[in-house]
Amino acid sequence: MLKTSVIQMNSRNDKAANLRQIRDLVTAAVEADQPDWILLPEHCEWLGGASGAAAVAEPSRGGDTYRLLQDLARTHKVWIHGGSFYEQSAIPGKAYNTTVVFDRAGNEVARYRKIHLFDVTTADGAQYHESATVLRGDDIVTYTCEGLRVGCAICYDLRFPELFQALMKRGADLIALPAAFTQLTGQDHWEPLIRARAIETETWFLAAAQWGGYDTPAGPRQSFGQSMIVDPWGRVVARAAEGTGFVSAPIDMALSDRVRQQIPVGQNKILHTADTL
C-alpha cells in the first residue's frame, strides 16, 4: 500500500521562512512516518494576497520553490505533490496557481494549473479576486504513482463537482487537493465538501491545508486548517486539526475495491458530461 502524508502549514508573506518550513515539515514527516508520497498545501511558498502573485511568481522550472521540492524528492526518495506556487506567465502582471509533482528521483511527472479562481466576497466583507492577477488553467490532470492514478485539484476547485467526475472518469484512485480555505467558509463547508467528493467519486481524498493567520495589503486573513485523509466511504481516517504539522495513512486499494463493488457508481452512471468544465 502507498503510504501518504499531508502537510499542514502556516505560510505567510516571508518566502524564505516558508521554504524553511517546507523543508522542516517534509523532513519531519519522512523521519516519523516514512511515507512514499507527500502532499503540501496551496501557496506553500508564499501567502500574502493574490495582488502579490506576479511579484513573487517563479519561472516554470528552476525557481526557488521548484528546486526545493525537487531536492526534497531526490534526497528523501519520496514523491512530492508540491501544493502550489505562483508560476510566471507570458502576460505581464499575471501568474498561474500551479501544482508540480516530482517522483522519487526528482523528475517532474505532472503539472496542474488551478482551473476555478476564487472571486468571492465573503459574509464578513472580505474580498478575494484571484482572477485579477491569476490566470486559470485549462487542463484536467492525472498521473500514475506506483500503480495508482492520482487526480489533481486546488482549493476552490472543491466546489465544482464536474472536475472530480472528470477525474473519476479518468480512473483516479486518489485525489489530491492542496488548499488555503478561509476560516469563515472552512468552518461550515470544508469537511462536508471533501467527504462528499470522496463518496461520489469513490476515491481516496487527501487535502493539505493552510492554517492560521497571515497578512495581506487588504488586512489580516485567517486560514482554516483541518488537513485530512478521507477514504472512499467518506470516513476521515487522519486529521490535522490546528497548528502546523502532518498526518499520515496508507492508501488501501482493497477498501476501494470493496466500496466500488458494494455501490458501483462508475458502472451505474448514465451521463458522462464532466469533461466540459
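Trainee: Where is histidine 43 found?

Mentor: Histidine 43 sits in the loop between β2 (37-39) and α2 (53-56). The model is predicted, so local features need pLDDT of at least 70, side-chain atom pairs count only at pLDDT 80 or more, and totals for chains, interfaces and linings use all residues. Residues are numbered from 1 along each chain as its sequence is written, and side-chain values use heavy atoms, with hydrogens and water left out.

Trainee: Why is histidine 43 called buried?

Mentor: Set the value against the cut-offs. Buried means under 20% relative accessible area, exposed means over 50%, and partly exposed lies in between (1.4 Å probe, protein chains only). Histidine 43 has 7% relative accessibility, so it counts as buried.

Trainee: How do you know whether threonine 98 is buried or exposed?

Mentor: Its relative accessible area is 0%, so threonine 98 is buried. Threonine 98 lies in strand β5 (residues 95-102).

Trainee: Which residues does threonine 98 touch?

Mentor: Contact means heavy atoms within 4.5 Å. Not counting residues up to four places away in sequence, threonine 98 touches Gly83, Ser84, Phe85, Glu87, Arg111, Tyr112, Arg113 and Ile154.

Trainee: What about tryptophan 37: buried or exposed?

Mentor: Buried, because its relative accessible area is 0%. Tryptophan 37 is found in strand β2.

Trainee: What makes phenylalanine 224 buried?

Mentor: A relative accessible area of 16% puts phenylalanine 224 in the buried class. This residue lies in strand β15. Leaving aside neighbours within four places in sequence, its contacts include Phe181, Thr182, Trp190 and Trp211.

Trainee: Where does threonine 182 lie?

Mentor: In the loop between β12 (174-179) and α5. Its relative accessible area is 8%, so threonine 182 is buried. Beyond four places in sequence, threonine 182 is in contact with Phe118, Tyr128, Gln222 and Phe224. Threonine 182 and alanine 166 are 16 residues apart in sequence and 26 Å apart in space, C-alpha to C-alpha.

Trainee: How do α4 and α5 cross?

Mentor: The axes of α4 (residues 161-169) and α5 (residues 183-201) come within 10 Å and cross at roughly 35°. Axes are lines fitted to C-alpha atoms, for helices over the stretch in contact, and angles run from 0 to 180 degrees between N-to-C directions.

Trainee: What is the hand of the crossing of α4 and α5?

Mentor: Right-handed. The rule: if the near helix is turned clockwise from the far one by less than a right angle, the crossing is right-handed; if anticlockwise, left-handed.

Trainee: Which residues meet where α4 and α5 touch?

Mentor: Pro161, Phe164, Gln165 and Met168 in α4 meet Arg197, Glu200 and Thr201 in α5. They divide into three nonpolar, two polar and two charged. Nonpolar covers Ala, Val, Leu, Ile, Met, Phe, Trp, Tyr, Cys and Pro; charged covers Asp, Glu, Lys and Arg; the others, Gly among them, are polar. The buried residues of α4 are Leu163, Phe164, Gln165, Ala166, Leu167 and Met168. Glycine 171 follows α4, with a positive phi near 90°.

Trainee: How many residues line the largest pocket?

Mentor: It has 29 lining residues, of which Gly49, Ala50, Phe118, Tyr128 and Arg221 lie nearest its centre. The lining divides into 13 nonpolar, eleven polar and five charged. β8 (127-129) and β14 (211-216) each supply at least two lining residues, and β8 gives the most, with three.

Trainee: What makes it a pocket and not a cavity?

Mentor: On a 1 Å grid over the protein atoms alone, a cavity is a set of points where a 1.4 Å probe fits but cannot get out; a pocket is an open set with protein on both sides within 12 Å along at least five of seven lines; lining residues have an atom within 4 Å of a point. The largest pocket holds about 490 Å³ of space. That volume is the space filled by probe spheres set on the grid points, which are joined across faces, edges and corners.

Terms used
Helices (H or I, at least four residues) and strands (E, at least two) are DSSP runs, numbered from the N terminus.
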